[in-house]
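Here is a quick tour of one model, written for someone who likes to know where the cut-offs sit. Have the viewer open as you read.

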Amino acid sequence: MEIEATPLSPQQQAYNGGGSEQRAGASAKPLYRNPVVVVNFLLMAVGTVSGPLLFRAYFLHGGSRKWLTCLLQTAAWPLLLPPLCVSFFSRRRRQREESATEAAPLSLMSGRLLAATVAIGLVIGVIDFLYAYGLAYLPVSTSSILVSTQLAFTAVFALVVMRHRFTAFSVNAVVLLVVGAAMLGLNGGGDRPAGVSRAQYYAGFAMTLGSAAMYGLVLPLMELSQAQHAARAGAPVTYTLVLEIQMVIGITATAFSAVGMLVNREFHSIKVEAETMWSSGNDGCKGGGKA
């Protein structure tokens with residue numbers, strides 16, 4: 001299967017870093033040798049593996065607060081503040097050396113990019129809730145397979161939104177993931193956890209698949225907003241700008257989840273639920289010791 005090379009649009013050229021000299025300089029240092037990128041990959045890998053296991057363990061041991069689980073998925077956004085502060089002070093020092101009159105901007109985001117990022121953050125909040133709802137009724141293995149279909153949705157929406165061409169590898173991935181999800185659907189209920197009704201299982205199945213589809217749409221929209229910002233500003237998307245985007249998304253999604261918790265009065269129920277889970281855990285340990 002031959003793949004045609006598509007010329008980059010001006011937005012994509014600005015998004016990718018401009019001219020050939022910048023690309024040549026970037027290619028001289030592989031990404032795997034960049035310690036910042038390596039640390040980000042490691043943190044993402046740890047979170048991707050441990051997050052679903054911890055959330056599922058919470059539901060298995062009597063937890064039932066879906067909005068709380070939704071909030072925890074983005075509540076760690078303050079961890080982005082230290083690197084952003086370091087970047088700001090470094091940028092301000094360079095700006096003082098170059099120009100004594102102009103002050104370094106507090107943020108690299110434009111108004112349009114900020115509005116687009118807030119909208120994406122709200123969508124991420126909805127995605128987090130759908131994922132939390134599905135994980136409450138599905139095994140981790142089934143949930144992970146359904147979430148992996150996000151790659152297929154991303155490939156389709158990238159074609160529609162960003163005009164990315166399909167490759168032989170992306171086509172194979174889309175076919176395999178769709179077939180895998182279809183097989184799970186045909187065998188629906190075969191891996192249903194104890195205490196979960198068939199209606200709850202199918203609702204969790206549909207919501208998890210819906211969260212994967214929505215996230216597959218969000219990623220191309222994020223790339224499009226960044227490409228448009230780079231084209232208007234005439235500068236490539238930097239690591240600091242990406243951190244700012246992630247922080248705004250985290251703040252917006254966390255605020256969305258907090259409102260959901262307030263409406264459902266989950267803040268008042270956290271202490272009661274924790275005491276109930278703690279007492280039931282202690283009773284189990286005592287019963288095991290007597291046996």
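Val-174 is buried, with a relative accessible area of 17%; buried means under 20% relative accessible area, exposed over 50%, and partly exposed in between, with a 1.4 Å probe and protein chains only. This is a predicted model, where local features need pLDDT of at least 70, side-chain atom pairs count only at pLDDT 80 or more, and totals for chains, interfaces and linings use all residues. Residues are numbered from 1 along each chain as its sequence is written, and side-chain values use heavy atoms, leaving out hydrogens and water.

Val-174 sits in helix 9. Helices here are DSSP runs of H or I with at least four residues, strands are runs of E with at least two, and the numbering starts at the N terminus. Leaving aside residues up to four places away in sequence, Val-174 touches Ala-152, Ala-155 and Phe-166, where contact means heavy atoms within 4.5 Å.

Is Met-183 buried or exposed? Met-183 is exposed, at a relative accessible area of 56%. Together with Val-171, Val-175 and Val-179, Met-183 makes a nonpolar surface patch of about 330 Å². Patch members have over 30% relative accessible area and no salt bridge; like charges are joined within 9 Å, and nonpolar side chains (Val, Leu, Ile, Met, Phe, Trp, Tyr) within 5 Å. A salt bridge is a side-chain nitrogen of Lys or Arg within 4 Å of a carboxyl oxygen of Asp or Glu. The areas come from the Shrake-Rupley method with a 1.4 Å probe, and for residues only the protein chains shown count as cover.

Now for a helix pair. Helix 7 (residues 140-148) and helix 8 (residues 150-161) pack at an angle of about 10 degrees, with their axes 4 Å apart. That makes helix 7 roughly parallel to helix 8. Leu-146, Val-147 and Ser-148 of helix 7 meet Gln-150, Leu-151 and Ala-152 of helix 8. The axes are lines fitted to C-alpha atoms, for helices over the stretch in contact, and angles run from 0 to 180 degrees between N-to-C directions. Angles under 35 degrees count as roughly parallel, over 145 as roughly antiparallel, 65 to 115 as roughly perpendicular, and the rest as oblique.

On to the loops. Arg-163, in the loop between helix 8 and helix 9, has a positive phi of about 60 degrees although it is not a glycine. Arg-265, in the loop between helix 11 (239-263) and helix 12 (270-290), is not a glycine either, yet has a positive phi of about 55 degrees. Pro-236 belongs to the loop between helix 10 (198-233) and helix 11, while Trp-278 is found in helix 12.

| Residue | Relative accessible area | Class |
|---|---|---|
| Arg-163 | 58% | exposed |
| Arg-265 | 62% | exposed |
| Pro-236 | 34% | partly exposed |
| Trp-278 | 63% | exposed |

Trp-278 and His-61 are 217 residues apart in sequence, and their C-alpha atoms are 9.7 Å apart in space. For Pro-236 and Gln-226, 10 residues apart along the chain, the C-alpha separation is 9.1 Å.

Finally, the whole chain: the protein chain has 12 helices and zero strands. Of its 291 residues, 34% are buried. The chain exposes about 17400 Å², and carbon and sulfur atoms supply 67% of that. Among contacts between residues at least 6 apart in sequence, 80% join residues at least 24 apart.
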